[in-house]
Structure formats: C-alpha cells, structure tokens
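User: I want to learn how to read salt bridges in a model. Please take me through them.

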Amino acid sequence: MIRVHGLSKHFGELVVLKEINTVINKGEIISIIGPSGTGKSTFLRCLNLLETPTGGDIFIDDISLFDKHTNVPKIRQKMGMVFQSFNLYTHLSVLENLTIGPIKLLGKKKEEANKKAIELLRLVGLAEKVYSFPDELSGGQKQRVAIARCMAMEPEILLFDEPTSALDPTMVSEVLAVIRRLAREGITMVIVTHEMEFAFNISSRVFYMDEGLIYEEGTPQQIFENPKREKTRTFIHRIRSATKHITSKAYDLYAIQGEMELFCEKHMLSRKVSDDVALIIEEILEVQADYHDIELSLFYHEKSGNIEFTCESAGEPVNLLEEGTLEDDIGLKILKSRCKSHDYRYEDGKNIIELTVKV
C-alpha cells in the first residue's frame, strides 16, 4: 500500500532522513520507535507531504506522489493524521469538528455527515460530547475526538504522531484503547510511539529508527525480545531502566529518589511500588562502606510485570544481605520486607545485590 524508495530529508545542512527504503502492506500496523531526534515524526510527515522530501519517492497504491500527473490532494485524502497536540478547531463544537471536512472536501450532505460523526463518536466513547467544545474536554477526550475526525474522512491509512505524548498518564489508556479497536477494523496504521508495551501488543511490525534511517525492523518479538543490532539492544534496555551512579558519600538522596519516582510514574507503577523503591534506595545506601563507585539501577519488565533493583558497589566482598553482617539489622529487615526475592554475588571486583520488588 505504501512503498518508500530512497527517501531523504535535509533541513539546510542537517540531514534528518537518509535513503529510507521500505514497504508497508495493506492492513499492517507499523509502530515506529527510537530515540528523540532520529527522524520518526519527519518520516511520518513526509508520507503525507506535510514535509516535502529532499529526495526519493513515495508510492501509494503504486502511484508516485511526485509524478507530475498525480492528483496529490486526492491521494492525500486516503491518509488521516493524528497529531500529539490534537489540532482541533476550538471555535467549533465536537460535531462541527467532525463534519467540516466531509462536507467541504468530500461533498457530503450535512445530514449524512452528522449521522456518520455521531457513529464515530460512539465508536470512541464520546457520543455524549457531540455539542461540547474542545475547551470543555480533557486531553484524552480531545485526542479521541481527533481520531474520530480523521475517521470521518474515510481514510485507508492512519498516521499517528506520538498520540499519547501530550497526555497525563491516567488518560493514555483511553486513547490506546481506541487505537486498539481501530486495529481490529483492518485499517493500515503507522504509529510513532513511546508506549513500548502497546507497540509490542498491537504491531505487525516494528521499525526502530536511528541515524536518520530504519536501523532495524522486524516482528515485535524480534525487536523487543531479540534485537539483532547493538543500538536497538541499547535502546530497548534503556527505555525499561533507570540508572544512577554515585562516586561520593555526599550523594543527593532526594534527587536519586526523585528520578526513580519519575521512572515509576512513566511506567504507571503504583504509588506503593514507588514508595518501596525510595525506601530500598535509602536503606541500601545507608549500609554501604565504600561510596567511590556505586551504581543503582531500576528495571521494569513489561511482559512479566517484575520490577528489579540492582546495586553494584566496588570494594572488598561483603554480603550486606546476610544477617549479622551489620551492627543493626533493622534496616536489613525493612529492605527484605519490600522484596519478594533477593540475591548477592561478588563479580569482577564488585558487590552485586539484586532485589525483586513486591508489586
């Protein structure tokens, strides 16, 4: 359905996309992941010519967007795009936001457009908001209206540019639920997202973008569980972990706990888990004898739901988890009470403590 050949995009001397080649088949759901600044959104915007490529070609149903005989506006009507910032008309009601395009661009009668709009609002769970204005809606509701507005134009392809990035964590799930429902309709989708569990569950293929190109692509199982290339492995590891390095006893406990708390919020972990992690950090650091090289890491395994905490500290071997090692074992008991498993080993000159936090 979409064929990209040699696609490149430059902003002055800045090369954002480099010779991208790919094919997206009808009915596929492609999730695009990767670090910020690697061209994910630019690639999406090039597909429907919101950005004009510097080089290469894009074919929609074997029709080149850059052939002088191509009716580009007609081809672009096949593609709907949902932005991270909603882009609703604030002076129009929800109903009017959904009907203005079909009436003006598709030539539909008002009654027909209204009927279709109400059907779509039911689909996204917002039928009761038909006469509301965007300012009266929550962020999640605005994004669901934006999705319904795209569907009102009867697109064959939906492009999503980080549709949940501007939302509070509590609103993310309602938008993702709508996208999951649309996926069951068989519509072709290309989704730039930072929601990794969502990408794993919904995608037929995943593109990992880096260095301005599709650095690696494959099934969700391959990309998330067995990536072949080093940068993909590094990215997948990093998005599910938070690490803090300590080189002095004058560490800032509250800053460290704050960073780990943000990590827990990002992955929508419970307040209890966040509080337990903060307590574990405090107790682990309190009993250290050598502070010149300590690394604290928090890992979240989306598939299993496990949360693991690791402390690596340089120095002589000492098992801080063993009762009787410390003068006061109260901290150790508090630590263990927050964990469902714990382990200690000495490896390459480092004491390694691994804890699995109770969920």
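Analyst: Start with one pair. Arginine 45 and glutamate 51 join their side chains in a salt bridge, 3.7 Å from N to O. The term means a side-chain nitrogen of Lys or Arg within 4 Å of a carboxyl oxygen of Asp or Glu. The general idea: side chains of opposite charge can pair when their charged atoms come close.

User: What should I know about the source and the numbering?

Analyst: This is a predicted model; local features need pLDDT of at least 70, side-chain atom pairs count only at pLDDT 80 or more, and totals for chains, interfaces and linings use all residues. Residues are numbered from 1 along each chain as its sequence is written, and side-chain values use heavy atoms, leaving out hydrogens and water.

User: Is arginine 45 buried, partly exposed or exposed?

Analyst: Arginine 45 is partly exposed, at 26% relative accessibility. Buried means under 20% relative accessible area, exposed over 50%, partly exposed in between (1.4 Å probe, protein chains only).

User: Which residue pairs with lysine 108?

Analyst: Glutamate 154 does, with the closest N and O atoms 2.4 Å apart. The two sit 46 residues apart: lysine 108 in the loop between α3 (94–104) and α4 (110–123), glutamate 154 in the loop between α5 (139–152) and β7 (157–161). Helices (H or I, at least four residues) and strands (E, at least two) are DSSP runs, numbered from the N terminus. Lysine 108 is buried at 16%, whereas glutamate 154 is partly exposed at 44%.

User: Which residues share partners in one network?

Analyst: Lys9, Arg45 and Glu51 do, through their salt bridges.

User: How many salt bridges are there in the whole structure?

Analyst: The search finds 18.
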